[in-house]
Amino acid sequence: MELRQLRYFLRVVELGSMGKAAQELGIVTSALSQQISRLEGELSVRLLQRTSTGVVPTAAGEAFRQEAQLALRHAENATLAAQAARLSGHVSVGLAPTTGSVLAVPFLSAMQERYPDVRVHLVESLSGNLEQMLSRRQIDLAVVFHTGGQQPWSARPILDEHLFVIIHPDLQHLLPQHTPLQLEDIIDLPLVMPSAPHGLRALVNAAFFRQGREPSIVAQIDGLALLMDVVRAGRAATVQPGAAAVRSHDHQLLRLPLAHDTLKRRNLIASLPDDELAPAGLAARIVLADVMRELVRQSQWPGAALLQPQ
């Protein structure tokens, strides 16, 4: 019997639905059902009764529920007791500018709450630069967008970000009224974008290439702050993930979704191998993944969708 099975069971009972519980837990319904079946098989008793509207606990399930809640409470107390030893040390984490806009503050807050004695060093740079820093052991972990070739570090995909046209309302007349926009709708739209080595630019260029066209790039800026200044001034639009326009001074901008299968960016947590990570790094990696998932579930990461666990 595993603690996660107890958590799964309690969540199903609380929500009265296997599907809703699976969605909140971030797993597929079949995997959740399998875990519950294993639990019932180990106990040799039926814990849940399926009904036309969901699931309800049996008499045995209700009795088990009370003890499971107590067991989890004891486990949580044991965790707190272990953490009272105050994990310490330091960890360096790399974030791209767009990712940092939505993730940096919640991640730091979570680290300060869970591990107040761990010193966090945040590094903001382009995804490609972060990969190089990981390879040189200059940082412990990072959120990156692609992993090409053989790398001396591991990576775990967490979510996909869909791309948007971010534009000042004064330029909205250059676009059709319908949403989501199609790629052909922005063929002639003046864009400010990062330069060619940037992964996002390569993604956009490839999508246009498949249409036999080129984007109308009027300026290239390799810095999110300056790029968004140009967009806020109404000089050009841009194609970016939704996280690029989450700051308070970007609320005036329009964020219009693009309907294109390839215009999405995968976010992966990349880190040094486990045997090279200090305890602070291992803890930070867990916190980073938890915060990313929670931001998506709370609809605080525009255009992001969690990937199903493998």
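**Note on pockets and local features**

1. Helix 9 makes the greatest contribution to the lining of the largest pocket, supplying seven residues. The pocket itself has a volume of about 1700 Å³. It should be kept in mind throughout that the model is predicted.

2. Which residues of the lining are the closest to the centre of the largest pocket? They are Leu 25, Arg 156, Asp 290, Arg 293 and Arg 297, out of 40 lining residues. Two or more residues of this lining come from each of helix 1, helix 2 (18-25), helix 3 (29-43), helix 4 (59-83), strand 6 (154-167), strand 11 (264-271) and helix 9 (279-297).

3. In composition, the lining of the largest pocket comprises 17 nonpolar, ten polar and 13 charged residues.

4. The second largest pocket has a volume of about 470 Å³. It is lined by 30 residues, of which Pro 97, Leu 126, His 198, Gly 223 and Leu 224 are the closest to its centre.

5. At least two residues of the lining of the second largest pocket are supplied by each of helix 5 (97-114), helix 6 (127-135), helix 7 (199-210) and helix 8 (224-232). Helix 8 holds the largest share, with five residues. By class, this lining divides into 13 nonpolar, eleven polar and six charged residues.

6. The count of aromatic pairs comes to one. The ring centres of Phe 9 and Phe 64 are 5.3 Å apart and the ring planes stand at 70°, so the pair is classed as edge-to-face; the cut-off for that class is an angle over 60 degrees. Because Phe 9 belongs to helix 1 and Phe 64 to helix 4, the pair ties together parts that lie 55 residues apart in sequence.

7. On the surface, Met 1, Leu 43 and Val 45 form a nonpolar patch, whose accessible area together is about 230 Å². Of these residues, Met 1 is located in the segment before helix 1 (3-15).

8. Two points of backbone geometry deserve attention. Most residues other than glycine have a negative phi, and most peptide bonds are trans. Where is the peptide bond that is cis, with omega near 0°? This bond runs from Thr 179 to Pro 180, and Pro 180 is placed in the loop between strand 6 and strand 7 (191-193).

9. The other backbone point concerns Arg 137, a residue other than glycine whose phi is positive, near 60°.

Methods
Residues numbered from 1 in each chain as written. Predicted model: local features only at pLDDT ≥ 70, side-chain atom pairs only at ≥ 80, totals over all residues. Heavy atoms only, no water. Patch = residues over 30% accessible without salt bridge, like charges linked within 9 Å, V, L, I, M, F, W, Y side chains within 5 Å. Areas by Shrake-Rupley, 256 points an atom, 1.4 Å probe, with all protein chains shown as cover. Salt bridge = Lys/Arg side-chain N within 4 Å of Asp/Glu carboxyl O. Helix = DSSP H or I, 4+ residues; strand = E, 2+ residues; numbered from the N terminus. 1 Å grid on protein atoms, 1.4 Å probe; cavity = no way out; pocket = protein on both sides within 12 Å on 5 of 7 lines; lining within 4 Å. Points joined across faces, edges and corners; volume = space filled by probe spheres on them. Nonpolar A, V, L, I, M, F, W, Y, C, P; charged D, E, K, R; others polar. Phe/Tyr/Trp six-rings, centres within 6.5 Å; stacked < 30°, edge-to-face > 60°.
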